[in-house]
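Good morning, colleagues. Please have the sequence and the model open while I speak.

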Amino acid sequence: MKRGFRRSGLAVAVALASGLALTACNQVSEPAGGVGLAQASGTATVSAGVQTPTSRLDEKVRPSRYELELTVVPGEERFSGKAQIAVTLDQASKSLRLHGRELKINKAEAWLKDGTVLKGEWQNLSPTGLAELSFPQELPAGELSLRFEYDAPFNHTNEGLYRADYAGQPYAFTQFESIDARRAFPAFDEPGFKASFALSLVIKDEHKAVANTAQIGEEKLDKGMKRLRFAETPRISTYLAAFAVGDFDIVEGTPIAANSLRDKPIALRGVAAKGQGEKLKFALDTTAQLVENLEQYFGIAYPFGKLDLLAVPDFAAGAMENPGAITFRDTLLLIDDSASVSQKRSLISVNAHELAHQWFGDLVTMRWWTDIWLNEAFATWMGNKTAQGAYPEYDLASATQQGALWAMGEDARPNQRSIRQDITRDEDISGAFDGMTYSKGGGVLNMFEQFLGSDAFQKGVRAYMKQYAYGNASAEEFIASVADAAGKPELKAALDSYLRYNGLPLVSVKSECQDGKLSLTLSQARYQPLGTEFKDKPLWGVPFCAAAYIDGKATQACSLLKDGQGELAMDLARCPDAVMPNAGGAGYYRWQLDAQAQAGLMAQLQSLSKAEAIDAASSLSAAWRAGQIDQNTYLAAVPALAAHPAKEVWSMSTDDMTLMLERVAKPEERARLSDWLASQYRPLLNQLGTEPKDEDSADTRRARVMLSGFLAFDMMQPTELKRLADWGKAYTGFGGDGQWHKDAVPSDFAGQSTVAAALVHGEAFLKHAKTLLAKTDDGVLRGRLVGAIAMVREPALLAYAHELALDKGIRSNERMMLLFAPAHGAEVAPAHLEWLDQKFAKVLPLVSAGARDGMAAVFEGFCTKAERERLQQFAAAHGKDLPGYERPTASALEAIAQCQALVARQPALSLPSGGGQVLAK
């Protein structure tokens, strides 16, 4: 599943308004001392004084096949079903446990091999769906069939089997990850219980249905209904079962041609709500190359026969890797002539991620949610690698590295979770879908691939996939496959250290050189930002690589830093001009040089590889947040960064500059700082031009948008803000005919312009936006309008977002934007928290179970003692209704403490004059 991750400031709403698939990501963390949060336990409370188990199911009862028939009419409030589950019991028992949530069980039976039928009694044991099925006599060991008849409500928060409307027509979709298959049918709803699925759907004559496999039969029924049968699936986990029902447009794509691994083509289709099919062409045209590249990497043909891509009008995540039936938020999948380059890039990136899952996650699945990183970290790394290889014009080469550098900031908190965190209760599963799993995990895989070499790493992956195909595996088995294939058993402990320990290493590098003989003395500690105190001092197995630069050319050497100390030597033609302590930029560690070596490295910034320059720029941020340099020293580096041609380099510091402006600078300093920063970055925008040109690359177009957004929204520069707002006014017909005019704005700026118009024109535009919202079903246009409403900067205007958030007619994914985006604005976040506190009883039922644990954590942008205390009060008051909230909330409180300490450490603002010489303190 593809999730998006939080950023500070207005960037959240602008990204959402631009039609990108971002979701509020749960960040799991343990309670910090003194915050008054309850420690997580191994049980869940149903009512006062009653404890119910949430432990894993007994593996002595194993399902092998599900036969399901569901009657699904999306316009109704409930659906019904019949389920037969073939199971094997290792020993006789009068009861067994499985899962079912919000199911009304009308009949439960056990059919024994000798023909005996035993009536079962169903009892719910926990609010997350654990149930017990009891019988009047023992079930014998061996094979038997469990049979159920039941009905259940359609879900209204995009979980399980849920309804979504488009253009007044109802549709039904499934989203079962992580533990929501149990909302649609009785199940052994854990990833370790793989089984085949034989599905039948009873639907209205005028409706169509799609599922994991191809339709193989249709039977006419009474009362305007029909029964569709689908081919039996291979063995998959319950969370990967999928189907959808409604009046769809189904568009046949060009079959993916046979190749050396596969003698048959793959049927490829796009599925969308009625009237939207024409927007599927870009997705269908760009899928085949991604599939073929993945097949060649794994050495295994696409495992699931056919491939459908489904555009879902209301979807909590970005996309979901259901085998053979991948679901996407419709704003991702549906691309028309007005689409921006960022929309196209996002689709290719997310599609590659979900397609990578067809092997890593679907074909081979983790045994338990503790190892969800095996799915998501690999798909993050592999998806970016595949997308870059297939479509290099969209420049995804550094996406994994950028994600890892973002994760380092989140990771530098004592209560942040590790990549591989034990999951002991259902309430903590959703919290495992966070930046540590996706971005840190992807970065760690990237680091070890670079250290081992791509061929050796690929060999290990192929061995792992072939050994565990259609089964389950663990982190230990993956690590062993890679280490054994590379012939380096010492890597097992090194990779395991990155999975087990939270936080990240800081490698201090002391360099000495004489007559071309370079010696690097290395020492490892834990990276620790200001305001943070770690109690433990782990040692990581760090794959350390350094590059020595002479006349712009690099010589590289690597070593595995295992014991906290080490040395690395190079024989060079002469002593180098600079040493880069993270050759290739893939290392998941921070590094520190002495002042002279740091100055020498930054003087060579233009000579470094792009990935190394990104890492060098990020190291300045890390040094500032750790108190190694102050804001004035950091600002002295900005001219050098802003002069770099790669947007990934100059943009690495923009979030920090925004933080300086909003939180560090005194009120009387802000205008001066804003104008100075604008003077450094505006020449880049002038060079690119403010409007697209026919000859622009995709990279240039994205750089132009990033610069415009930084100047307009973060620096609040009136020239750039007015330019965008004027476009937004014309685009939305504000002050004119009130109609959309898509040609009035360059496509790349459509999302930004809508937000800018709201900021400039205030309440009048918000009223206009609400009027437009009521007139359109287009997910992209709706997202732009909702994003504009969600990110106002005046507390008095929050009422527009709040009123809309409680509107039952709003889509669930739009509601999440309205509930969470205001938490990122320094001006409005305190007032938004007060509103959430007051309206908590009304808000809670509208938030999905998977998003509740992060409700308090989205306020991690707070930066004062009073704000921190207010968030603590909110968490203490409502924590009982937010299962799993403890860790993400504690991590957010740590982020606030870090911000407080950072602000307190800064001297008076002193802006550089001219130059921009970069020196280390």
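Predicted model: local features only at pLDDT ≥ 70, side-chain atom pairs only at ≥ 80, totals over all residues.

Let me begin with the aromatic residues. Across the whole structure, the search returns 40 aromatic pairs. Where do Y302 and W359 sit in the chain? Y302 belongs to the loop between α2 (281–298) and β20 (306–312), while W359 belongs to the loop between α4 (341–357) and β23 (365–366). The pair therefore counts as a link between distant parts of the chain, with 57 residues separating the two, given that helices and strands are taken as DSSP runs. Y302 and W359 are both buried.

Two further rings have an arginine over the face. R526 is placed over F534, at 4.0 Å from the ring centre. For R723 over F749, the distance to the ring centre is 5.8 Å.

I turn now to the charged pairs. The structure contains 56 salt bridges. In one of them, the side chains of R413 and E860 come together at 3.2 Å, N to O. This pair, too, connects distant parts of the chain, 447 residues apart. R413 lies in the loop between α6 (399–411) and α7 (435–452), and E860 in the loop between α25 (849–852) and α26 (865–878). Are these two residues buried or exposed? Both R413 and E860 are buried.

The next salt bridge joins E648 and K610, with 3.2 Å between the closest N and O atoms. E648 is part of helix α14 (residues 647–650) and K610 is part of helix α12 (residues 610–625), so this contact ties together parts that are 38 residues apart in sequence. The two partners may also be described by their accessibility. E648 has a relative accessible area of 2% and is therefore buried. K610 stands at 31% relative accessibility, so K610 counts as partly exposed.

A further salt bridge is found between the side chains of D837 and R870, at 2.5 Å, N to O. Here D837 lies in helix α23 (residues 829–838) and R870 in helix α26, and the pair links distant parts of the chain, 33 residues apart. Which class of accessibility does D837 fall into, and why? Its relative accessible area is 24%, and D837 is therefore partly exposed. R870, with a relative accessible area of 17%, is buried. The cut-off for buried is under 20%.

I also draw attention to a network: D395, K610, K647, E648 and D699 are joined into one by salt bridges that share partners. The pair of E648 and K610, already described as a salt bridge, has both its residues in this network.

Finally, the sheet. Four strands form an open sheet in the order β11-β12-β17-β14, and the pairing is antiparallel. Which strands stand at the edges? They are β11 (160–166) and β14 (208–211); each has a single partner strand, so one side of each is left without a neighbour in the sheet. From one strand to the next, the twist averages 15°.

Thank you; I would be glad to take questions.

Conventions
Residues numbered from 1 in each chain as written. Heavy atoms only, no water. Phe/Tyr/Trp six-rings, centres within 6.5 Å; stacked < 30°, edge-to-face > 60°. Buried < 20%, exposed > 50% of the residue type's maximum accessible area, 1.4 Å probe, protein only. Lys NZ or Arg CZ within 6 Å of the ring centre and 35° of its normal. Salt bridge = Lys/Arg side-chain N within 4 Å of Asp/Glu carboxyl O. Pairing = 2+ DSSP bridges. Axes fitted to C-alpha atoms, helices over the stretch in contact; angles between N-to-C directions.
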